[in-house]
Structures are given as C-alpha cells and as structure tokens.
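Welcome! Take a moment to look around first.

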Amino acid sequence: MNLAIGLSLLILFATGVPIAISILLASIIGIEFFSRFPLMMVPQQLFVGLDNFPLMAIPFFILAGNLMAAGGISSRLVDLAKSIVGGVQGGLAMTCVLTCMMFAAVSGSSVATTFAIGAILIPAMVKHGYPKPLAASIQASSAELGVLIPPSIPLILFGVSTNTSIGQLFIAGIGPGLLVGGALLVFVYIFCKLRGFGLQDRNDRTRFTTAFQRAWAAMLMPVVVIGGIYGGIFTPTEASAVAVFYALVVGACYRELKLVDLIPVLRQSVVSTAAVMLIISAAALFSFLISRSGLPAQVAAGVTAMFESPWAFLLAVNALLLVVGMFIETGAAILVLAPILTPIAMQFGVHPVHFGLIMVVNLALGMITPPLGVNLFAACAVAKISIDQMLPWLVRFVLVVLTCLMAITYMPWISMGLVNLLYG
C-alpha cells in the first residue's frame with residue numbers, strides 16, 4: 001500500500017494537481033485498492049484530523065494578521081524600522097529586513113508579510129536606485145521570518161502533528177528568528193556598501209520618537225500574546241483570539257480599519273483558513289494510513305542502522321527537507337513528515353522542540369527557492385517581474401539562510417536556550 005500511495009502522490013504532484021487534493025486522492029486510492037479499510041474511513045479521518053482544539057489558533061492568527069495589515073500597521077512599522085536603521089548606506093534594505101521581523105511578530109505568515117511590506121518597500125527601494133530584482137529578493141528572503149518568529153502557523157502545525165508543546169515551540173522560535181534576521185541585516189549592509197547601493201537612503205527618515213509614538217500599539221501585540229502565554233494567563237489557542245481582539249482595537253484606534261474593510265478581511269481569512277485546513281485534514285488521513293502500515297517503524301529501523309551519529313542523521317534530514325521544501329508546501333510537508341521523522345530524531349537524542357525548529361527553518365527555505373517558492377511568486381507579483389530575473393540576486397540570500405540553518409542544527413542552544421531558561 002505504501003508504494004501505491006507514494007507513486008500516486010508523485011504522479012498527482014507531477015501533473016499539477018493541488019497538494020491537498022493530491023494527498024487526499026492518493027490516500028483514497030490506497031484505501032480502495034490496496035487495503036481492507038472501508039471508504040467510510042475517509043470522512044472519519046478527515047474529521048479526526050480537524051477535531052483538535054489547538055488548531056483553532058490558525059484561523060484566529062490568520063485573521064489577526066489580516067486585520068493588522070488592513071489597519072495601517074504596515075506603514076507605521078516601516079517608519080519605525082527606518083528610524084532605527086535608515087541612517088546608514090543600505091538603510092532602506094535593512095529597513096525591509098527589520099520591518100519584516102516586526103511584522104512577523106504580528107502576522108505569523110510570510111506571504112502576508114511579503115504583500116503588506118513589499119507593497120511599500122519594493123517601490124521605495126527601486127526609487128532609491130536598487131535594481132528591482134534585488135529589491136524583490138530582499139523582500140522575499142526577509143518575509144521568511146514570518147514562519148520563524150512567533151506566532152507561527154508552521155510551528156502550530158508541527159506541535160499538533162507531533163504532540164509537542166506549542167508554547168515551547170513559540171519561545172524556541174525567537175532565537176532562530178533573531179539569528180536569521182540579524183544575519184540578513186549584516187549581509188545587506190555589507191553588500192550595499194560593497195556594491196554602492198542605498199547612497200540616498202537617509203532621505204525621508206522619520207525621527208525615532210515620532211515613529212515610535214505612531215507604532216507602539218502595534219509593537220505591543222507580540223508582547224501581549226507571548227507575555228500572556230508564558231505568564232500563564234492564557235493558552236496559545238486563547239492567545240490567538242486575544243490577538244484578533246487586540247488587532248480590532250488597534251485598527252480602530254488608528255482610524256484606518258473601517259467597518260466596510262471587515263468584509264474583504266474576513267473573506268480573505270476564510271479562504272486562507274480553508275486552504276490550510278483542507279491540507280491538514282488530508283494529511284491526517286495520509287498519516288493514519290502510513291502509521292497503520294508500519295512504515296514509520298521500518299523507516300526508523302533503517303535510518304538508525306544507516307546513521308551512527310546525530311550529526312550525520314541531521315545532515316541527511318536537512319538534505320531531504322531542502323529538496324522536499326522546493327516542491328511541497330510547508331504545511332503539507334510538516335504534517336506528512338513530522339510524525340515520521342520526529343520519533344527517529346528523539347532516538348538520536350534530539351529534543352523534539354529543537355527538531356521542530358530545524359524542520360520549520362529548513363522548509364521555510366522552500367518559500368524562497370523555485371519552483372514552488374510562495375514568497376517568490378508574491379514578491380514577483382508586487383514587483384511585476386519574473387522569477388528568472390530574481391534568481392541571480394536570490395542565491396546570495398539563500399546561502400545566508402542556509403548558513404543560519406546549519407548553525408541552528410548543530411548549536412541547539414540557539415533554539416533551546418530560552419526554552420531551558422523558562423521551563424527548566
């Protein structure tokens with residue numbers, strides 16, 4: 001059955017069938033022709049996959065991010081970031097990275113970050129003399145931080161699929177998020193210095209005090225959400241509902257979120273949530289069949305026999321996930337592979353929270369690598385260019401993130417330092 005499901009999945013992917021439908025059809029083929037399970041198992045497992053309280057956090061965080069984007073948060077965060085790093089050569093490119101770090105702590109979505117921030121900063125960078133493909137590459141790479149810095153939807157999916165604490169995953173994401181963001185900041189500063197970009201970036205810079213007064217309410221949201229979780233006030237799922245309420249209050253206070261704006265925001269949030277939930281339910285059915293077939297145990301036995309050290313195992317996993325991330329959407333890859341790989345990682349002594357960050361950071365690279373990099377398509381849509389034009393510039397940023405991935409993989413304290421401090 002495993003071979004039939006695997007071949008069906010590859011054929012469906014190759015023919016361009018959407019990921020969720022591919023997973024669902026491959027599972028149905030396996031049940032109908034290669035197992036004794038009744039087809040009634042399909043709707044049953046689809047429901048079981050969604051019957052999980054922590055999953056309620058996903059639609060709420062999606063809605064909160066969309067409300068913040070529609071409520072005038074983007075421009076305020078751009079002004080704040082520009083007031084901090086905009087006074088140096090390359091400051092506008094650094095503003096892009098820093099704004100994405102701030103917006104990531106608000107939206108939790110890399111695609112939302114690309115559209116919300118890219119619509120402002122890509123034209124601004126082009127106006128200041130940056131090549132349009134370079135500006136789009138900076139934006140696409142920086143928006144990747146949306147899935148690292150909490151709240152993060154991929155981290156929620158990993159926690160749900162592996163029974164790992166979402167609270168610990170959130171706190172563990174802070175270190176890798178700061179590392180990747182800091183590395184991109186340093187790189188774009190040096191690159192702009194060497195190539196002569198951003199000589200006029202000091203223009204139109206807002207004073208820090210003025211920018212902070214306009215943006216402090218937006219910056220308080222991650223403090224409220226993360227502080228409430230680790231202060232024991234509410235769970236991560238409850239925090240997502242608090243985030244929606246806070247986004248509504250902030251948008252109303254800024255007087256940029258009007259009643260007429262709510263309908264498009266709700267429609268966009270429903271569509272995004274439906275797409276994610278369809279993948280989750282299909283992956284639950286797929287995971288049920290795979291686990292019943294005994295494949296995880298067979299894979300675990302084969303892997304432990306093949307690799308003698310955690311170092312070699314993690315290197316092989318990173319190579320696998322890099323390839324998978326290029327062709328499969330991040331959420332689907334987590335839901336299918338995390339239940340198989342995490343127990344094996346634990347056998348090698350790798351903490352599941354640490355492994356979750358390795359997996360999410362690695363698959364996040366797939367968002368900026370062809371052929372299915374969602375951030376690339378979003379940045380190209382904003383900049384009105386083709387992916388081919390971006391690739392020569394993009395390689396540099398991929399290498400920077402790849403270097404950070406290796407550090408996160410083999411220096412567990414980057415992910416686990418705060419976790420150990422808070423949880424002992």
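Let's begin with helix α18, whose buried residues pack against α7 (110-127), α8 (132-143) and α19. This is a predicted model, in which local features need pLDDT of at least 70 and side-chain atom pairs count only at pLDDT 80 or more, while totals for chains, interfaces and linings use all residues. Residues are numbered from 1 along each chain as its sequence is written, and side-chain values use heavy atoms, with hydrogens and water left out.

Helices (H or I, at least four residues) and strands (E, at least two) are DSSP runs, numbered from the N terminus. Buried means under 20% relative accessible area, exposed means over 50%, and partly exposed lies in between (1.4 Å probe, protein chains only). Contact means heavy atoms within 4.5 Å.

**Helix α18 and the residue after it**

- Helix α18 covers residues 374-383, and its buried residues are Asn375, Leu376, Ala378, Ala379, Cys380 and Ala383.
- Lys384 follows α18 and sits in the loop between α18 and α19.
- Although Lys384 is not a glycine, its phi is positive, at about 60 degrees.
- Lys384 counts as exposed because its relative accessibility is 70%.

**Helix α9, an enclosed helix**

- Of the 10 residues of α9, 10 are buried, so this helix is largely enclosed by the rest of the structure.
- Those buried residues are Ile153, Pro154, Leu155, Ile156, Leu157, Phe158, Gly159, Val160, Ser161 and Thr162.
- They pack against α4 (57-70), α10, α13 (259-292), α16 and α17 (352-365).
- Asn163 comes after α9, in the loop between α9 (153-162) and α10.
- Asn163 is another residue other than glycine with a positive phi, near 55 degrees.
- With 75% relative accessibility, Asn163 counts as exposed.

**The nonpolar core**

- A nonpolar core is a set of buried Ala, Val, Leu, Ile, Met, Phe, Trp, Tyr and Cys residues joined through side-chain atoms within 4.5 Å.
- The largest such core here has 149 residues, and those with the most contacts inside it are Ile58, Met125, Phe313, Phe355 and Met359.
- Helix α19 (residues 387-410) gives the most to this core, contributing 12 residues.
- Ile58 is in contact with Ile153, Ile156, Leu157, Val276, Met277 and Ile280, leaving aside its neighbours within four places in sequence.

- Thr342 is found in helix α16 (residues 330-347), where it is buried, with a relative accessible area of 3%.
- Not counting residues up to four places away in sequence, Thr342 touches Phe158, Thr162, Pro352 and Phe355.
- Ser415 lies in helix α20 (residues 413-423) and is buried, with a relative accessible area of 1%.
- Leaving aside neighbours within four places in sequence, Ser415 is in contact with Ala172, Pro176, His354, Leu357 and Ile408.

**A nonpolar patch on the surface**

- Ile84, Phe208, Phe212, Trp216, Leu220 and Val223 form a nonpolar patch on the surface, with about 570 Å² of accessible area together.
- Helix α11 (residues 208-230) supplies the largest share of the patch, five residues.

**Transmembrane annotation**

- The UniProt annotation "transmembrane region", from an unreviewed entry, covers residues 53-72, 111-130, 166-191, 212-233, 269-291, 311-341, 353-373 and 393-423.
- Over residues 166-191 the chain is 100% helix and 0% strand, with its end C-alpha atoms 37 Å apart.
- Residues 269-291 are likewise 100% helix and 0% strand, and the end C-alpha atoms there are 32 Å apart.

- Lys193, in helix α10 (residues 166-195), is partly exposed, with a relative accessible area of 44%.
- Lys193 and Phe348 are 155 residues apart in sequence and 44 Å apart in space, C-alpha to C-alpha.
- Leu25 lies in helix α2 (residues 19-34) and is partly exposed, with a relative accessible area of 37%.
- Between Leu25 and Ser8 there are 8.1 Å in space, C-alpha to C-alpha, and the two are 17 residues apart in sequence.

Terms used:
Patch = residues over 30% accessible without salt bridge, like charges linked within 9 Å, V, L, I, M, F, W, Y side chains within 5 Å. Areas by Shrake-Rupley, 256 points an atom, 1.4 Å probe, with all protein chains shown as cover. Salt bridge = Lys/Arg side-chain N within 4 Å of Asp/Glu carboxyl O. UniProt positions renumbered as here; feature names shortened; annotations may be inferred.
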